[in-house]
Amino acid sequence: MEDPVTISTGVSYDRASIDRWLTEYEHHTCPVTNQHLTDLTLTPNATLLRLIQSWAACSTGCVAPAVAATKPGFDVSEILGDLGDPAARADGKAKALKTIRSLVLDDDGNAAHMEKAGVTSVVASLIATCEPSEALRNIVDPVVLIDEATSVLHLLKPSPETLREVSESRNGELIASLASLLQRGSNQARVHAALLLRSIYEVVGDNLKARIPVDLIEGVVEILKDQNADRATTMALLAIMIEVLPHGKNRLKAVQAGAVAVTVDLLVEESVDRRKCEAMLYLLELMCGRAEGRAELVGHPAGVAALVAKVLSLSSGVTARAVKVLGLVCRYCGGVMEEMLQVGGVAKLFMLVQMESNRRSREMAKAILGNHIKAWSKSPCFPSHCLP
C-alpha cells in the first residue's frame with residue numbers, strides 16, 4: 001500500500017484500489033467482509049502508513065521501494081534551483097514545471113523521488129506565494145503559472161504526510177490559493193484545485209477545517225451550480241463540503257452561499273448514481289441541522305419532493321439519508337405537513353415501515369409517522385390504503 005485508508009467496516013485498503021472498486025466498478029460492498037456500505041468515507045490510516053514507511057526504511061530481507069533502491073535519472077537540484085529561487089524569472093519556473101510534468105508522465109516512480117528531494121513542497125509553496133504583481137517583471141502571467149503548478153502538484157500525488165505539512169504551512173496559504181482558484185482559475189485548474197482540496201481536507205486538522213478561506217464555499221457552489229463538472233470533480237466538491245461543514249460556522253456559510261438550493265437541483269437531476277446521491281443527501285443533512293438550512297430546503301419548490309423521490313430508490317443508503325433529512329424537516333417545520341401528503345411522502349413512509357428493509361430507516365419512518373399521524377389522518381389526502 002502507498003496510501004492506506006480505512007472504510008466503515010474497519011478494513012484498510014490502498015486508496016487507489018478501493019476508490020477504483022467504489023467508483024469505476026461501482027461496487028458498494030466491502031471486498032473482504034462483503035458488507036453493504038452506506039458510508040463511503042475513506043479515512044486515512046496514519047498508523048498503518050507509518051508502519052509501511054518504517055518497514056520500507058528498515059527491511060533488509062525484502063526489496064525496498066524503488067524510491068530507496070534506485071537513483072533518479074535527472075538532476076533534482078536543477079529543478080529545485082529553478083523553482084525555489086525567488087529571483088528566478090517566471091518563465092524559468094514554468095519551464096521547470098513542464099520538466100516535472102514530463103518526467104512524471106514518463107515514469108510514475110519519479111514523483112516519489114521528487115517528493116523525497118523536496119520538489120513537491122516547493123511546487124506547493126509556488127502556488128501559495130505567487131503574487132499577481134510578478135506579471136509586471138516577468139513574461140509569464142502568474143495566474144497561468146499557478147494554474148500549471150496546481151496541475152503539476154495534482155500529478156505528483158503527494159503522500160498524506162507531505163500534503164498535510166505543506167497545507168498547514170504558513171497558516172494554510174496553500175488552501176487559500178487553491179480556494180481562490182476555484183473561482184478564478186482555468187477550467188483545468190479548477191478541477192485540479194478541487195481534487196487537491198478534497199485530499200487536503202482529509203488529512204489536515206480541525207482548526208483549518210473551521211477556519212476556511214472566505215471564498216472556498218462560494219467557489220464550490222459556483223462550480224456545482226454550472227452542472228458541467230464531471231463525476232470525479234462533483235464528488236470532490238461534495239467531499240470538501242462534507243469535511244468542512246461540521247466545523248465552526250461553516251454550515252451557516254454554506255446555506256448563505258446557496259448550497260441548499262444547488263444541492264437540491266443536483267439531487268433532482270440525479271437518478272442513477274447512488275454514491276453521488278448519498279453524498280448530496282448527507283450534505284443536506286448537515287445543512288438542515290440549522291434552522292436556516294431547513295428553511296431554505298422547505299422554501300425550494302422541489303425541496304421536499306426531491307427527498308421523497310429518493311426514498312426506496314437506488315439503495316438502502318440513499319433511503320436512509322433521505323428519511324433522516326425528512327425527519328429533520330418534519331420535526332421542525334410544521335408548514336411542510338400538507339406538502340408531505342401531496343408529494344406522496346406519507347405513503348412512502350408507510351411503505352417503508354411495511355417492507356423488509358434497513359432497520360434504522362424503518363425506525364426513523366415509524367418515528368416520523370408517530371409524531372404526525374394525528375394531523376395527517378385528518379386530511380382527505382391521507383393514504384389510508386397504506387394502513388395494514
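Leaving aside neighbours within four places in sequence, which residues is V123 in contact with? Some notes on this predicted model, starting with that one.

1. **V123 and its partners.** Once neighbours within four places in sequence are set aside, V123 is in contact with L83, L97, I100, A149, V152, L153 and L156. One of those partners, I100, comes up again in the next point.

2. **The cores.** The largest nonpolar core has 102 residues, and within it I100 and V123 touch the most other members. There is also another core lying apart from it, made of 10 residues, including V11, Y13, L40 and L42. If you're picking a place to start looking around, I100 and V123 are the pair that the contact counts in the largest core point to.

3. **The chain overall.** We have 388 residues here, and 49% of them are buried. The secondary structure comes to 23 helices and 3 strands. Take the contacts in the chain with a separation of 6 or more: 68% of them are between residues 24 or more positions apart.

4. **Helix 18 against helix 20.** Helix 18 covers residues 291-299 and helix 20 covers residues 316-332; their axes come within 10 Å and cross at roughly 95°. That makes the two helices roughly perpendicular to each other. On the helix 18 side the contact uses R294, L297 and V298, while helix 20 brings V325, L328, V329 and Y332. By residue class, the contact has 6 nonpolar members, 1 charged and no polar.

5. **H247.** Where does H247 sit? Look in the loop that joins helix 14 (231-244) to helix 15 (250-256). Is H247 buried or exposed? Its relative accessible area is 17%, and the cut-off for buried is under 20%, so H247 counts as buried despite its place in a loop. Not counting residues up to four places away in sequence, H247 touches D206, K209 and A210.

6. **Cysteines.** How many disulfides does the structure hold? The count is 0. Two cysteines to have on your list are C30 and C288: C30 has 0% relative accessibility and so counts as buried, and C288 is likewise buried, at 0% relative accessibility.

7. **Quick recap for the viewer.** For helix packing, bring up helix 18 and helix 20, with their crossing at roughly 95°.

Note on methods:
Residues are numbered from 1 along each chain as its sequence is written. This is a predicted model: local features need pLDDT of at least 70, side-chain atom pairs count only at pLDDT 80 or more; totals for chains, interfaces and linings use all residues. Side-chain values use heavy atoms; hydrogens and water are left out. Axes are lines fitted to C-alpha atoms, for helices over the stretch in contact, and angles run from 0 to 180 degrees between N-to-C directions. Helices (H or I, at least four residues) and strands (E, at least two) are DSSP runs, numbered from the N terminus. Angles under 35 degrees count as roughly parallel, over 145 as roughly antiparallel, 65 to 115 as roughly perpendicular and the rest as oblique. Contact means heavy atoms within 4.5 Å. Ala, Val, Leu, Ile, Met, Phe, Trp, Tyr, Cys and Pro count as nonpolar, Asp, Glu, Lys and Arg as charged, and the others, Gly among them, as polar. A nonpolar core is a set of buried Ala, Val, Leu, Ile, Met, Phe, Trp, Tyr and Cys residues joined through side-chain atoms within 4.5 Å. Buried means under 20% relative accessible area, exposed over 50%, partly exposed in between (1.4 Å probe, protein chains only). A disulfide is a pair of cysteine sulfur atoms within 2.5 Å.
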